[in-house]
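This report is meant for a reader meeting the structure for the first time. Please keep the sequence and the model side by side while reading, and look up each residue as it is named.

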Amino acid sequence: MTHQPETRRLWQNMTLFDGRTVHPEPMTVAVCGERIERVCPSAAATGLDGEVMANGGVMTPGLIDCHTHLVFGGRRADEFEQRLEGASYEDIARAGGGILSTVSATRMASEDDLYAQARPRLEALMHDGVTTVEIKSGYGLTTRDEMKMLRVARRLGRDLPVRVQTTFLGAHALPPEFKGNADGYIDLVCSEMIPAVAAAELADAVDVFCEGIAFSVAQSERVFQAAQAHGLPVKAHAEQLSNLGGSALTARYKGLSADHIEWLDEPAIKAMAEAGTVATLLPGAFYTLRETRVPPIDLLRQYGVPMAVATDGNPGSSPIFQLTLMLHMACTLFRLTPQEVLQGVTVHAAQALGLQHETGRIKTGLAADFCIWDLEAPNELAYAVQPGRLTQRVFAGQETL
């Protein structure tokens with residue numbers, strides 16, 4: 001039996017943001033199979049044959065949400081009210097609320113329950129143009145429950161047309177059974193959880209919450225050492241509430257990203273630039289927690305640190321599952337430019353997940369993950385908060401919307 005060549009598909013006369021810049025002339029993108037075959041000016045594509053899938057419109061890479069906590073049980077609307085009445089994030093956490101309340105609900109939930117709750121959140125992101133998403137564990141805090149969360153995340157990636165990257169976040173909070181014994185819990189994370197997760201191939205990276213209400217720099221370093229011993233790259237929640245030094249530690253271990261980073265200082269920024277560590281900005285958490293200290297955007301620009309933007313979608317500090325809203329927030333709250341935020345949910349988000357050679361750009365040889373929008377120009381995605389502008393979502397060469 002002879003193999004039939006795959007049909008070339010064409011997207012013509014696109015206003016193209018390729019992940020780095022907006023092209024000044026109409027562009028044509030050719031796809032064969034799951035990969036981008038060619039990107040060229042439409043004026044130079046006269047001899048390119050294939051099935052025309054679209055003619056005109058704004059094209060961007062498929063959006064990448066590189067920091068989420070989509071798999072969880074329960075709800076925390078009551079804490080939202082408490083914060084409005086004056087309680088701080090730290091107050092709620094120290095009183096046994098916050099992350100620990102979600103831990104209790106997640107431990108009680110079955111895998112099927114967690115899947116049923118997480119799937120609509122992920123589908124909402126997909127309808128917002130997301131083709132790649134990172135999902136963290138961190139609400140189980142036992143080996144069994146952390147692996148349960150990661151299995152749910154893997155299952156979502158198998159069942160839906162979206163690329164799911166999983167991150168083990170066992171060092172997210174101190175579980176109640178280890179109260180007063182953080183070092184003992186880190187022993188469990190390093191000696192049991194990470195080896196089990198690695199052996200089951202359930203995680204693509206390892207994260208840690210390095211903060212005064214969570215884990216110290218020394219404890220975080222132990223987690224990094226265990227992760228790298230099992231071949232897993234690292235990242236951190238760092239400098240969200242104080243300048244503890246988690247971002248500099250992450251850079252020292254060549255980490256993929258340091259996330260939140262409102263309290264980041266210049267020496268750590270320099271270290272991140274040298275290490276190639278991405279700064280992931282999470283305006284949803286900044287907004288929800290009503291924080292006032294803005295990340296050091298000018299210094300990040302000065303040192304050339306790539307800036308990703310993500311939802312931080314979670315039940316407490318950022319219960320928001322719309323990545324395009326984060327574009328607007330990052331511009332208005334952090335004063336990023338529309339081009340910077342578009343880079344933040346494409347090429348830089350891909351780098352924050354170690355996927356820069358697979359997706360995040362519209363470039364020959366990369367995965368055919370892209371979106372067509374009903375816009376006049378790409379900067380409208382950041383300018384206006386308006387669902388319903390996505391007209392085509394293409395994942396691995398297949399139209400899914």
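## Salt bridges

The structure, which is a predicted model, holds 20 salt bridges. In general, side chains of opposite charge can pair when their charged atoms come close. One of these bridges joins Arg155 to Asp112, with 3.0 Å between the closest N and O atoms. This pair links distant parts of the chain, since Arg155 belongs to helix α5 (residues 143-159) and Asp112 to helix α4 (residues 111-126), 43 residues apart. Arg155 itself is partly exposed, with a relative accessible area of 27%.

Other bridges lie within a single helix. In helix α4, Arg119 and Glu123 are four residues apart, about one turn of the helix, and their side chains meet in a salt bridge of 2.9 Å, N to O. Arg119 counts as partly exposed at 27% relative accessibility, and Glu123 counts as partly exposed at 28%. In helix α11 (residues 297-303), Asp298 and Arg301 are separated by about one helical turn because they stand three residues apart, and the closest N and O atoms of their salt bridge are 3.1 Å apart. Here Asp298 is exposed, with a relative accessible area of 58%, whereas Arg301 is partly exposed at 33%.

## A buried charge without a salt bridge

Asp18 is located in the loop between β1 (9-16) and β2 (27-32). Although Asp18 is buried, it has no salt bridge, and the nearest side chain of opposite charge, that of Arg361, is 4.1 Å away. That distance can be set against the cut-off for a salt bridge, which asks for a side-chain nitrogen of Lys or Arg within 4 Å of a carboxyl oxygen of Asp or Glu.

When neighbours within four places in sequence are set aside, the residues in contact with Asp18 are His23, Pro61, Gly360, Arg361 and Ile362.

In soluble globular proteins, nonpolar side chains tend to be buried together. In this model the largest nonpolar core has 97 residues, and those with the most contacts inside it are Leu122, Val133, Leu156, Phe168 and Leu300. Helix α6 (residues 182-199) supplies the largest share of this core, nine residues. A second, separate core of 14 residues includes Val31, Ala54, Ala368 and Ile372.

## Helix α12

The twelve residues of helix α12 (residues 323-334) should span 16 Å at 1.5 Å a residue, and the end C-alpha atoms are 16 Å apart, so the two values agree. This helix is mostly covered, as nine of its twelve residues are buried. The buried residues are Leu323, Thr324, Leu325, Met326, Leu327, Met329, Ala330, Cys331 and Phe334. After α12 comes Arg335, whose phi is positive, near 65°.

Key
Residues numbered from 1 in each chain as written. Predicted model: local features only at pLDDT ≥ 70, side-chain atom pairs only at ≥ 80, totals over all residues. Heavy atoms only, no water. Helix = DSSP H or I, 4+ residues; strand = E, 2+ residues; numbered from the N terminus. Buried < 20%, exposed > 50% of the residue type's maximum accessible area, 1.4 Å probe, protein only. Lys, Arg positive; Asp, Glu negative; His and termini not counted. Contact = heavy atoms within 4.5 Å. Core = buried A, V, L, I, M, F, W, Y, C linked by side-chain atoms within 4.5 Å. Expected span 1.5 Å × (residues − 1).
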